[in-house]
Amino acid sequence: MRLLLTAMLLGTLPVGAQVVGQNSQPAGGNGEYTMSVSSKLVVEAVNVKDKQGKSLSGLTAKDFTVTEDGVPQQVSFCEYQKLPSAPPIAPKKPENITVYNRLGVTQIAPEKPGDVHYKDRRLIALYFDLTAMPPDDKLRALEAAQKFIRTQMTSSDLVSIMRYGGSSVDVLQDFTDDHNRLLSILETLIVGENQQSEDITDDADTADAGAAFGQDSSEFNLFNTDRQLSALQTAAKMLGRLSEKKVLVYFASGMTLHGVDNQAQLHATIDDAIRSGVSFWPIDARGLVAQAPLGDATQGSPGNAAMYTGTAALAVTTRMQQSQDTLYALAGDTGGKALLDYNDLTRGIVQAQQNITSYYILGYYTSNATLDGRFRHIKISVKPELAANLDYRQGYYAGKIFAKFNDADKERQLEDALMLGDPVTELTIALELNYFQLNRAEYFVPVVVKIPGRELALAKKRGAEHTLIDFLLEVKDELGGNMTVENMRDNVNIKLSDETAAELAKRPVEYDTGFTLLPGKYTIKFLARDDETGRIGTFETPFVIPNLNKEEKRVAISSVVLSGQRADLKDAIYNAAKAKERAKDEAANPLVLNGQKLIPSVTRVFSKSRDLYVYLQAYEQDVTTVQPLIAFVSFYQGQTKVFETQPMEMASAMTNSLKTMPLRFSIGLSHLPAGDYNCQITVLNPTAHKTAFWQTTITIVP
């Protein structure tokens with residue numbers, strides 16, 4: 001992170017901001033309060049078989065007895081899923097495979113509580129961990145999936161395709177029995193995207209689901225294995241939206257744990273899979289491997305004494321076994337089975353398919369509504385005369401309120417919020433970013449975030465003496481494989497004195513940070529959490545950094561900053577940087593001048609009682625002498641010009657190769673009527689006969 005600046009109590013409250021999660025208030029003047037009661041629906045998938053191993057059908061809710069921690073529970077619904085052990089293969093249709101130019105990203109469609117959406121259907125999710133497979137193994141895994149769909153997929157099967165590429169967990173296809181669509185997606189993964197002219201969907205009907213964050217940040221994960229496990233955990237949570245039994249067929253070329261460092265994430269992944277009713281069926285895409293004792297020709301000889309004592313050969317074998325041990329543990333702890341050392345990878349999918357036979361879905365509303373995060377033991381039985389064997393989940397972890405979160409729970413909450421494709425909007429967040437050229441290659445990108453202070457002031461009402469705000473930022477390069485190029489983790493500790501709380505109730509908290517980027521197309525995701533109440537807000541938007549070096553027809557300009565306020569840096573209630581670092585950062589930030597910072601307006605709403613400040617930079621690359629520029633600001637309403645500043649001539653430039661010329665305007669708004677305006681900035685270069693225009697809509701209020 002290039003710059004870490006300040007968080008301030010500055011600016012005006014964003015228009016239309018809403019407060020969510022307010023404290024309970026009396027319903028009327030008589031002191032009566034409204035009490036709300038919530039209930040937790042627990043869903044269990046139960047296999048019921050007789051002594052011969054055949055599924056028992058015809059049972060109802062009255063035939064089952066359910067207890068939770070020894071307390072009897074009333075079964076609210078009982079649904080029988082009829083899945084023949086060997087259903088007939090669906091008639092083959094003529095194949096019509098298309099190689100898509102771009103694979104769309106969708107979501108697993110959720111079910112309503114108590115609603116069984118996929119009745120009498122077997123749900124199989126094919127999950128390809130592209131970070132854990134070399135090209136040969138990837139090709140073998142995709143071809144095995146194609147073979148299963150062509151020859152083994154039955155009329156009862158619904159298949160979903162999921163992919164993890166290092167930066168996100170993508171649902172490429174929700175559960176479907178469309179053979180051609182599934183085969184087309186797999187063929188596209190084999191051939192590679194951007195190879196043909198057709199798209200899977202166009203922008204008009206593609207779900208705005210985004211990509212679940214795949215733990216690509218070193219702030220949260222020290223090892224690649226943690227990222228792989230966390231991505232697998234994300235996939236299990238996605239499937240947890242469905243009540244039916246799910247199998248996740250996990251294609252990878254092994255996974256090696258690093259001592260005890262990955263144990264916490266391994267347990268979290270397994271726990272979430274069990275909680276979501278997902279069983280892992282890992283398939284080692286390497287198949288049956290015959291390894292040279294000292295390695296093959298792709299690596300150099302060890303060249304030490306170990307190659308003569310057998311230690312090197314033993315180490316190769318040990319690494320291979322360790323990489324399979326994790327796959328075995330994932331399968332064994334979730335009710336699946338790992339396919340190891342077997343070349344026909346399709347066999348692993350068939351094993352997962354045959355594992356799901358007819359079963360019952362039971363649902364009950366637990367009588368224990370305490371959100372303490374503890375494990376609840378479940379016991380299910382049927383009438384003794386049935387002499388049946390039952391297989392079911394033995395319990396689950398209850399939810400936990402934020403007040404009972406430990407440090408690990410809080411970290412996982414932040415990670416989950418970043419993984420989610422849908423934004424969390426418990427806190428209102430407004431964000432603006434700009435760009436200014438630093439040199440011929442890099443651009444400085446300042447980011448300004450505002451949060452209504454009254455939402456944070458709720459902590460004071462609960463008796464807190466301070467509130468800690470956690471900030472997370474992630475920037476992904478859309479043109480570079482959607483990989484993370486910048487990330488930041490910070491927190492602000494605000495003391496909640498009576499005076500500070502009163503200020504928070506009237507003004508927003510502003511947080512500023514910045515970083516450097518190369519020209520390109522990016523996506524920024526910003527997350528903030530009130531650590532006192534646990535409420536989270538996220539903001540996500542794409543943005544483009546243009547390559548101004550290639551601008552030949554127009555005057556090269558930076559983004560334009562509109563502001564209604566200058567503030568002394570000493571007024572900050574918090575500063576993340578040390579004194580020496582802060583001085584260096586302020587010198588590099590073009591929005592800081594003479595100890596005052598220009599506060600960008602995130603909402604583009606300005607008061608008539610304050611001046612409007614306009615700031616931008618113009619660049620004259622590859623010129624021997626500075627060419628004078630003329631700039632002015634115009635206000636329009638419709639096609640009518642309402643106001644225009646006097647032209648400003650700028651003939652001096654900073655002493656750098658870019659010939660940077662800062663353009664600053666201060667415009668009084670008191671003489672303009674309140675309303676909406678189209679603000680236009682015009683920059684002219686009479687010598688080179690070039691122009692540049694920038695427009696935006698602003699609102700002036702009394």
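Student: Hi! D512 and K597: buried or exposed?
Tutor: Both D512 and K597 are buried, where buried means under 20% relative accessible area, exposed over 50% and partly exposed in between, with a 1.4 Å probe and protein chains only. Keep in mind that this is a predicted model: local features need pLDDT of at least 70, side-chain atom pairs count only at pLDDT 80 or more, and totals for chains, interfaces and linings use all residues. Residues are numbered from 1 along each chain as its sequence is written, and side-chain values use heavy atoms, with hydrogens and water left out.

Student: Got it. What do D512 and K597 form, and how far apart are the closest N and O atoms?
Tutor: D512 and K597 form a salt bridge, with 2.9 Å between the closest N and O atoms. The term means a side-chain nitrogen of Lys or Arg within 4 Å of a carboxyl oxygen of Asp or Glu.

Student: And where in the chain does each one sit?
Tutor: D512 is in strand 21 (residues 508-517) and K597 in strand 28 (residues 596-600), so this pair links distant parts of the chain, 85 residues apart. Strands (E, at least two residues) and helices (H or I, at least four) are DSSP runs, numbered from the N terminus.

Student: How many salt bridges does the structure hold?
Tutor: It holds 19 salt bridges. Among them is the one between D284 and R286, at 2.8 Å from N to O; D284 and R286 are both buried.

Student: Which residues are linked in a network?
Tutor: K237, D272 and R275 are, through salt bridges.

Student: New topic: how accessible is D177?
Tutor: D177 is partly exposed, because its relative accessibility is 40%.
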